[in-house]
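Student: I have a structure open and would like to talk it through with you. Shall we begin?

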Amino acid sequence: MTSATKANRESLRKQLHQVLPKTSILETEEETHPYECDGLTAYQQKPWIVVLPETIEQVQNILILCYNEGVPVVARGAGTGLSGGALPLANGVLLSLAKFNSILNINPANRSAVVQPGVRNLAISQAAEEFNLYYAPDPSSQIACTIGGNVAENAGGVHCLKYGLTVHNILQLKIVTMDGELISIGSQALDTPGYDLLALMTGSEGMLGVIVEVTVKLLPRPEQAQVILAAFDNVVKAGEAVGAIIAEGIIPAGLEMMDNPAIRAAEDYAHADYPVDAEAILLCELDGSHEEVNEQITLVENLLTKKGAVSLRTSCNEAERLKIWLGRKSAFPAVGRISPDYYCMDGTIPRKQLPFILKKISELSAEYGLLVANVFHAGDGNLHPLILYDANIKGELERTEEFGGKILELCVEAGGTITGEHGVGKEKIDQMCVQFKSLELQIFHDIKHSFDPQELLNPGKAVPSLHRCAELGGMHVHDGLLSHPELERF
Amino acid sequence: MSSNRTQELQDRIRAAVNNKSMLQIVGGNSKHFYGNTTSQSAKSEVLETRIHQGVVSYEPSELVITARAGTPLKEIEVLLAENNQMLPFEPPHYGEHATLGGAIATGLSGSRRPFTGSARDFVLGVRIISGKGEVMSFGGQVMKNVAGYDVSRLMVGALGTLGLLLEVSIKVLPRPQQEITQCIAVSRQEALKTMQTLNQSSQPLSALAYEGEKLYVRLSGAASAVTSAQKEVGGETLIHADNFWQQLNEQSHPFFESDKPLWRLSVPYVAEIDSNEQPFIDWAGALYWLHSDKSTEEIQQLASEQGGAATLFKTPDQKQERFAPLQAKIKQLHVNLKMRFDPYGILNFGRLYSDL
Ligand SMILES: Cc1cc2nc3c(=O)[nH]c(=O)nc-3n(C[C@H](O)[C@H](O)[C@H](O)COP(=O)(O)OP(=O)(O)OC[C@H]3O[C@@H](n4cnc5c(N)ncnc54)[C@H](O)[C@@H]3O)c2cc1C
């Protein structure tokens, strides 16, 4: 880990002023304040200094200087991350990519676009619209989050069931490594020789390099898209209906589920005409050619009725479709309105485990005395339980974190993972010890060192040290086995 | 058939570490020609994965299959077909004994690739043995998983140089309700233009290929959608279309009967490959197969000036590097990774690049 001293930082500050215009450096309390957290506001830390480069050369210079002085760097997109990935360091540089906000080129014939990392997710689809193309991954935060942040987190969205995650929808990256070298990973072609470094970079949480350019794949807009809103009087029935649709051989464009507290909050906020008495709703979107969608809508409507849906509503036009989605896409801020604070979890499970997990979550909710609103990417088993709490009540955040941690451990137990799309960041670092053994964690550190031997990029995130896990190991005894038996206990 | 021989494989790798010998990992030996020819020295032994086989779990409604690396591809495909599902990336077999491990280690994908995805796109998780003899698991059986770096996908196409695959979890998809192929007689120029137009349309495409003055358009999906697209696309409906696509994928098509070296060029959709040799074009214009006597430099340049890269797929010349050279820093990252996963250089050393 970094051993940079105050003297290193003083020297770095002078050098930064030599390579950057004054307007690209923020140093005062007031200026750095907006950068003290990302979307996970429970963690806060002011950065030592913020830099906002405008050119790749400036990024290279910044990294070379930091490398020479041994000062750590945290990259930041829009700061909408929900795992504290962009949380600054008190002794480090916060490198914002906000000024890299141009779409460099849209190439309809190659179904691709070259964009800078600070371009907002939605802006890509908007720019591609004139060619009847779009960028498929659509995180709910898409009006704000950046493509660089999406690549760093391997972001998903409600349409990922059919169209894949970020990793499936990019072709090429330009990155600057910690020693200041600019390299190109992937290519404009579909296959690239050598190891799949593109996959390795995607979801690497700013630990391996700074992304300075992204080539995304674009898809033709489907001729038709319609969404069915199905209400259920029982959450388990809704969960079973999800499996039934997939078993029928249909891959919906999106398949989302919300439980009653989430429905009520979303309805209050977005007025999407959600059935507020329902115990659960499913949103099932089908897209494709007119014929295909018409055929599948009827099929799915019948199936949902057979599986116990108490009411169905199918969008008849684009305005209705967007209205139905608006409720879902604003679920987080909606829950934010009914509770002083909420804590968003991100576990993923095999679909068939949905009833088991839901039951366990509601038991834990009673045990901790904390309410939960559930939003799921049901089609791919990705859960977002939102735990409602009040940070002003002493000890409630700690209890919430403990509750959240238990949910994630349940996900691992059910054959799933602690994070489906939000990343490990600072937040889930301890749960990594539950999901992985020392050998695997060591390989993760090895990969990190292959790119960044001095551990200067986003240190302390994403992968826990083996000692940290060993310390925690005392608390996480599974099936009577210590998870890291080979390490000393303290 | 099913058998778990993890321990035996692990022992072999540990023994190789101790004896300072090298291991050549072999599944069905169907893709032995792919990649560099590695030295058959006295210190090199064959490690067979076919002893380690069997489907570990498969639940059609979860869209996931997990199988041991030595499982025959055929067995997996038959099982999936019984449940009306398929491997969406259409891996080529190149022989009747092809295994799952070989398909993933080579990372090759068939004609459906531009529209559905590649081998690496569908890999969800792996269990491997590293070059130190350590058994490790990455990813899992769920669709979304961002815990830790994506080591699972890093294994795809690594040709066994980073680890011996023990088990692979793969996302599967329902078979399309209907599939037909339209065949249109056109010039190469026109075919490329039509491919680009179709590629930007919302037609239910699953393959676009060109050979022998003919454009082949495969349509897959709901019966109604395929029928309406069929009219729009025009041309004639190809009978025994499955045969045609199989022959392309397995290189049993007459095009592949040649004594000249076979090159595989992965290029952008918009590439214009200017060569005298008649190519077989696949992937909507993003993949060219060429038989050519031209020098490696010439062919690499054909591909690289279009933003792509060429692989010397088949050649009688045992000494040639098969894959396009890497930029220095990228190469350094490859070496760093190899050093971490296989520090003694035991696993398939040299198969991908002669110094890896
Ligand atoms: C209301 C709300 C809804 C959300 N919905 C979704 C959802 O549906 N799906 C989903 O996947 N996520 C969702 N998120 C989470 C978040 O939006 C995503 O993780 C997003 O990808 C983060 O992008 P960002 O630009 O805000 O990145 P930041 O938060 O700024 O950074 C995230 C991580 O990426 C790194 N990073 C950023 N830019 C770069 C770069 N150029 N080079 C290297 N590293 C970089 C940072 O260091 C950090 O580790 C949601 C968040 C909110 C607040």
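Student: How many salt bridges are counted between domain 1 of chain B and domain 2 of chain B?

Tutor: Happy to start there, and keep in mind that this is a predicted model. A pair counts when a side-chain nitrogen of Lys or Arg lies within 4 Å of a carboxyl oxygen of Asp or Glu. For domain 1 of chain B and domain 2 of chain B, the count is two salt bridges.

Student: What is the N to O distance in the salt bridge of B:E90 and B:R218?

Tutor: The assignment for chain B puts 6-174 + 329-341 in domain 1 and 178-314 in domain 2. The side chains of B:E90 and B:R218 meet in a salt bridge, and the distance from N to O is 3.1 Å.

Student: How many residue pairs are in polar contact across the interface of domain 1 of chain B and domain 2 of chain B?

Tutor: Here both residues of a pair must be at pLDDT 80 or more. With that condition, the rule finds that the pairs in polar contact across this interface number eight.

Student: And on the side of domain 1 of chain B that touches domain 2 of chain B, how many residues are nonpolar?

Tutor: The residues on that side fall into three classes: three are charged, five are polar, and the nonpolar ones number eight.

Student: What is the area buried between domain 1 of chain B and domain 2 of chain B?

Tutor: Carbon and sulfur atoms give 54% of that area. In domain 1 of chain B, the residues that lose the most area to domain 2 of chain B are B:Y94, B:S111 and B:F115, together 40% of what that side buries. The total buried between the two domains is about 1,500 Å².

Student: How far apart are the C-alpha centres of domain 1 of chain B and domain 2 of chain B?

Tutor: The two domains are in contact, with 16 residues from domain 1 of chain B and 22 residues from domain 2 of chain B taking part. Their C-alpha centres lie apart by 27 Å.

Student: Why is chain B called as compact as a globular protein of its length?

Tutor: Chain B has eleven helices and 17 strands. The globule rule gives 21 Å for 356 residues, so chain B is as compact as a globular protein of that length, because its radius of gyration is close to that value, at 21 Å.

Student: Turning to chain A, which residue does A:E54 meet in a salt bridge?

Tutor: A:E54 lies in the loop between β2 (49-51) and α3 (56-69) of chain A. Its partner is 45 residues apart, in the loop between β4 (93-96) and β5 (103-107) of chain A, so to speak a link between distant parts of the chain. The side chains meet at 3.7 Å, N to O, and the partner is A:K99.

How values were computed:
Residues are numbered from 1 along each chain as its sequence is written. Chains are lettered from A and ligands numbered from 1 in the order in which they are written. This is a predicted model: local features need pLDDT of at least 70, side-chain atom pairs count only at pLDDT 80 or more; totals for chains, interfaces and linings use all residues. Side-chain values use heavy atoms; hydrogens and water are left out. Domain bounds come from an automatic or database domain assignment. Contact means heavy atoms within 4.5 Å. Buried area is the accessible area (1.4 Å probe) that two parts lose on being put together, summed over both. A polar contact is a pair of N or O atoms within 3.5 Å; within protein, one must be able to donate a hydrogen and the other to accept it, and residues adjacent in sequence count only if both atoms are side-chain atoms. Ala, Val, Leu, Ile, Met, Phe, Trp, Tyr, Cys and Pro count as nonpolar, Asp, Glu, Lys and Arg as charged, and the others, Gly among them, as polar. Helices (H or I, at least four residues) and strands (E, at least two) are DSSP runs, numbered from the N terminus. The radius of gyration is taken over C-alpha atoms; the globule rule is 2.2 Å times the number of residues to the power 0.38.
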